[in-house]
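Here are my notes on this one, as numbered points. Have the structure open while you read.

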Amino acid sequence: MAKNNKSHKVQPSVDQYTHHVLKKLVGIKGTSVSDVAGFILRDWIGDHIEELEKYKITVERKDGKLTL
């Protein structure tokens, strides 16, 4: 999350199956479809740090969380 725990609204358009999966993960990986999508994005970032650094995107962690 950004400094001071600010959040930013992002509205991706997804296909029907992706939406189905997001809905099925509510209660497991988050409390809403958007919460689940945010979890998946953060998880992807954490799994692709080396790839992001190739693009000069610095990924930092503080207390195990991604930070700016």
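1. A quick definition before the burial figure: buried means under 20% relative accessible area, exposed over 50%, and partly exposed in between, with a 1.4 Å probe and protein chains only. On that basis, 10% of the 68 residues of the protein chain count as buried.

2. Keep in mind that this is a predicted model, where local features need pLDDT of at least 70, side-chain atom pairs count only at pLDDT 80 or more, and totals for chains, interfaces and linings use all residues. Numbering starts from 1 along each chain as its sequence is written, and side-chain values use heavy atoms, with hydrogens and water left out.

3. The protein chain has 3 helices and 2 strands, running α-α-α-β-β from the N terminus. These are DSSP runs (helices H or I, at least four residues; strands E, at least two).

4. The C-alpha trace spans about 35 × 25 × 20 Å along its principal axes. Taking contact as heavy atoms within 4.5 Å, residues 24 or more positions apart make up 16% of the contacts with a separation of 6 or more.

5. Now the largest pocket: about 990 Å³. A pocket here is an open set of points on a 1 Å grid over the protein atoms alone, where a 1.4 Å probe fits, with protein on both sides within 12 Å along at least five of seven lines; lining residues have an atom within 4 Å of a point. Volume is the space filled by probe spheres set on the points, which are joined across faces, edges and corners.

6. Of the 29 lining residues, His8, Val10, Gly38, Leu41 and Arg42 are the closest to the pocket centre. Helix 2 (33-47) gives the most to this lining, with 8 residues.
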